[in-house]
Amino acid sequence: MSDANFTDTEHGQPPPPSRAQASEAASEQPSPTNPSTSAGSAKNKIAWQVNELLELAAGAELFRSPDGVAFATLKINGHRETWRLESRGFSDWLKREFYRRHQSVPGAQTLRDALAMFEARARYEGAEEPVYLRVAEKNGVVYLDLGDKDWRAAEITPRGWSVVAEPPVKFRRTRGMQALPEPVRGGRIDDLRRFVNVDSDDAFHLLVAWLVGALRPTGPFAVLALQGEQGSAKSTTARLLRRLIDPSTAPTRRMPRDGRDLMIAAQNAWMLSFDNLSGLPVWLSDALCSLSTGGGFSTRALRTDDDEVIVSATRPLLLNGIAGITERPDLADRAVTVSLPAIPDDRRQDEATLRTAFDEAAPRILGALLDGVSAALRNIGTVTLPTKPRMADFALWVTAAEEGFSWAPGTFMAAYTRNRAETVEVTLETDMVAVAVRELFARRRGGIWEGSATALHAELHSLLPENVLRSGDWPKAPNTLTNRLRRIAPVLREAGVVYEDMARSGKAGSRGLRLRDAGAQMTVSTVSEPATMSEEAPQARASSVVAGEADGLLRSVAGREADDRLLAATAEMADSSGKTGRADDADGADDPSAGIVDAATEDTRLRDMRIHRDASNLPALAAAIRASEKVGLRVAATGHGMRRDQACSVAVALPSGEIHVVDLRVPHDVTPVIEALCEVLVVGHNLKPDLAHIANEFKLRPRMIFDTKVACELLDAGVHGEDASFFDLAHACGRILGAQLPSGRSQMEPIERLSDESASQLSAEVGPLLALEEAVGAQLRRDGLDRFAEFANELLLAELSIKFGDRTAGYTLRQEVSKVWAARLGTVQNEVCSRLGVDDADDDAEVLKKLHTLRVPVERVEIKELVPFLHIQEVGCLVRYRHLRDFAVCISGRGQASP
């Protein structure tokens, strides 16, 4: 499999001349053989040096990879090495060869000119050849780069394997790669068992299956998920398994921050291992699915306007955590989940002893794995499976390898089938929609349910307890339920329930769905909604307006009482304009033309936005706000100054998906809306200037706020502290929600009237705030930072009270919150001291000494210097603590915040 290169991280290059050598050479008398120095012409000197560099590299094989990246293969110390032309390794080799011949180093411009010529030759005159990372395949033979200094590889054929000095494929190497143990013959795969903490044959067979699957040259690859309580050797097992496949200086990593970081990691390692995961965010679960079966990433090329860099990769993945790693059905379907038992104290080994014993056995274990790969190549064309699972290629490959491990035929598939059944059961137990569907079929006799999404939503709603319905996991709308059913359809099918979409009935009919027992006959008794609306129709229609457009992340209204208030408020708004809207039951809503809209300026492109240019509908808006437990808020002002600039308009996003923009330039009484905002949770991004503008002019005193920018800063732990744009709303929505927003924030001239375009921009900014709050809130809870976020928001309220309200109350609140923050921070400090083995986590000298024992080469205990080492758990805890220690001061003392 050919791999595109994403970063310049090749290693193995010869050392460049030292500064002392270069200085000594520069001080020597000019050589008579150096025409540039004797002529004294800078131009002639550059031309001469370029020609010398071209002559030095005359023996290099220049070529390009299929994606157009230029490479060179060089003969060094009796072996061949392949480097990317733009890498530091190739330029350092040129410098060394030039120095050997002339006792001087070429100039920077000379080197750039020569490299440009090499690259042109490689791209337009060189051959096209694939370049591989760690594992390759050519003509039915698999090659495994051993990563040693001689660039040897293991050559695996259907007849066996051997170590070869010059493999016929081109491997590239990255900075973090380490050498594999040199494989030896005569080992048994069972030699591995004493080093891994498993308590069943099935678990061991699955670990071996994943290992031999990871040595397959092409994907898809299974995801190995190691689960177990604290102290069950999850991380140790992960490191040992990686030692047999793709050793690295960072054998396990922290969870990546975004898709770009994940793809960079995939371009620089054959396998990826992520450590101590506490559940996965949706975006990462989906990204790992793509990476295990083949995924790509694109971004704009640096210093260009429209050039695109596209990279793709398929990688073996290893995840470990206490529980809940593969709860999402699509990732669970690709995973092999192995639970590790607790280790009794009398059986626990120290890691140094374990590592020494493993290093001694590793060559034999790797040799046994290569025996399995050879058997797989020998048998892959003849093996068959009784049924093919989702990861059929993986299952066929491992089944073909069984002979090499002396396993009985069918050993792997028996273990894999049982493992998949357990995974399906866990997924069904943790997914509320699956639980409800199973309960529905347990109570029905016909084995088939057929009807609309709205009818199914109502029926399932009646089967679940109130606390489940109030949870964030239960879909609040029929269309969201349909999406969830499609996502869990594979695991439902494994449990014997088939989900099917039905064709739309008639030109204007609604789309239905069918749930049936896998063995049920297709004679059905249709369950549908009445064709005519009863007395409850207005409320049902209002419910559609509220729920039809809302995703699960956009609506979090606790309890039926709040739902009823929201429905009533929505109905009141619809009646006030003489219009009502409805939502189709499964595929989204028809265009709702209801609500509080200025009909004279209504833009049909903004169906969910209502513009208020007078006070006629503000009481209804206030009622809708009160009916919601939280709303999004965004303010457009004449500038970002809290006192000198004025608020021009305010946008409010309701959980129903509706957005209301109130023009504050038109004289009218906005008191009902301001008072309603004081009674609910106000969600915003960089709320301090927004609330300050309204507090200064309209005496807004909210009781509860949630600032998503503060949350993003807490989660970031100071890593991007110097990049203000990283935390702006557009960047946060793109990074977390995958939504594209215009950059900057709404700002209006002092005499400007609220135009439809300005209202549209403000609507775009406020629209995703509730979804963003749900997403970052989940991350805060996962990282144990939710209480710190609450304290930070209370500190913001205290600062606003000090500046615009009751100063005494503000100072009191700030003092109380600071005390609680300090107490909770003390707990974090104790944990850091325990992990680092220091007495004082604030003592830079003591902490620095400990970091050096962990081989963290930093000179100062500063977050920006520690960022490259966040994959080390102790460093990650230290960075989190230091950021929290300074964050409260930053929040309460921060000046004008950026938009």
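Colleague: On what basis are the values given?

Modeller: Residues are numbered from 1 along each chain as its sequence is written, and side-chain values use heavy atoms, with hydrogens and water left out. In this predicted model, totals for chains, interfaces and linings use all residues, side-chain atom pairs count only at pLDDT 80 or more, and local features need pLDDT of at least 70.

Colleague: Are α27 and α28 roughly parallel or roughly antiparallel?

Modeller: Helices (H or I, at least four residues) and strands (E, at least two) are DSSP runs, numbered from the N terminus. Helix α27 (residues 786-804) packs on helix α28 (residues 807-836) at about 160 degrees, with the axes 8 Å apart; axes are lines fitted to C-alpha atoms, for helices over the stretch in contact, and angles run from 0 to 180 degrees between N-to-C directions. Angles under 35 degrees count as roughly parallel, over 145 as roughly antiparallel, 65 to 115 as roughly perpendicular and the rest as oblique. The angle therefore makes α27, relative to α28, roughly antiparallel.

Colleague: How many nonpolar residues has the contact of α27 with α28?

Modeller: Ala, Val, Leu, Ile, Met, Phe, Trp, Tyr, Cys and Pro count as nonpolar, Asp, Glu, Lys and Arg as charged, and the others, Gly among them, as polar. By class, this contact of α27 with α28 has three polar and six charged residues, and its nonpolar residues number 15.

Colleague: Within what arc do the buried residues of α5 fall?

Modeller: Buried means under 20% relative accessible area, exposed over 50%, partly exposed in between (1.4 Å probe, protein chains only). In α5 the buried residues are Thr110, Leu111, Ala114, Leu115, Phe118, Glu119 and Ala122. The arc is that of the directions from the helix axis to the C-beta atoms. Seen down the axis of α5, these residues line one face of the helix, because they fall within an arc of 165 degrees.

Colleague: How far apart are the end C-alpha atoms of helix α9?

Modeller: The expected span of a helix is 1.5 Å times one less than its number of residues. For the twelve residues of α9 (residues 282-293) that should be 16 Å, which agrees with end C-alpha atoms that are apart by 17 Å.

Colleague: Which residue just after α9 takes a positive phi?

Modeller: Among the buried residues of α9 are Leu291 and Ser292. Just after α9, a positive phi of about 120 degrees is taken by glycine 294.

Colleague: What is the relative accessible area of asparagine 686?

Modeller: Asparagine 686 lies in the loop between β24 (681-684) and α22 (687-698). Its phi is positive, about 65 degrees, although asparagine 686 is not a glycine. Most residues other than glycine have a negative phi. Asparagine 686 is buried, with a relative accessible area of 2%.

Colleague: Is alanine 717 buried or exposed?

Modeller: Alanine 717 lies in the loop between α23 (708-716) and α24 (729-736), and its phi is positive, near 60 degrees. Its relative accessible area is 5%, so alanine 717 is buried.

Colleague: Which peptide bond is cis?

Modeller: Proline 220 is found in the loop between α6 (201-214) and β11 (223-227). Most peptide bonds are trans. Omega is near 0 degrees, and the bond is cis, from glycine 219 to proline 220.

Colleague: What separates the C-alpha atoms of aspartate 393 and alanine 222?

Modeller: Aspartate 393 lies in helix α12 (residues 392-401) and is partly exposed, with a relative accessible area of 38%. Alanine 222 is 171 residues from aspartate 393 along the chain, and their C-alpha atoms are separated by 9.6 Å.
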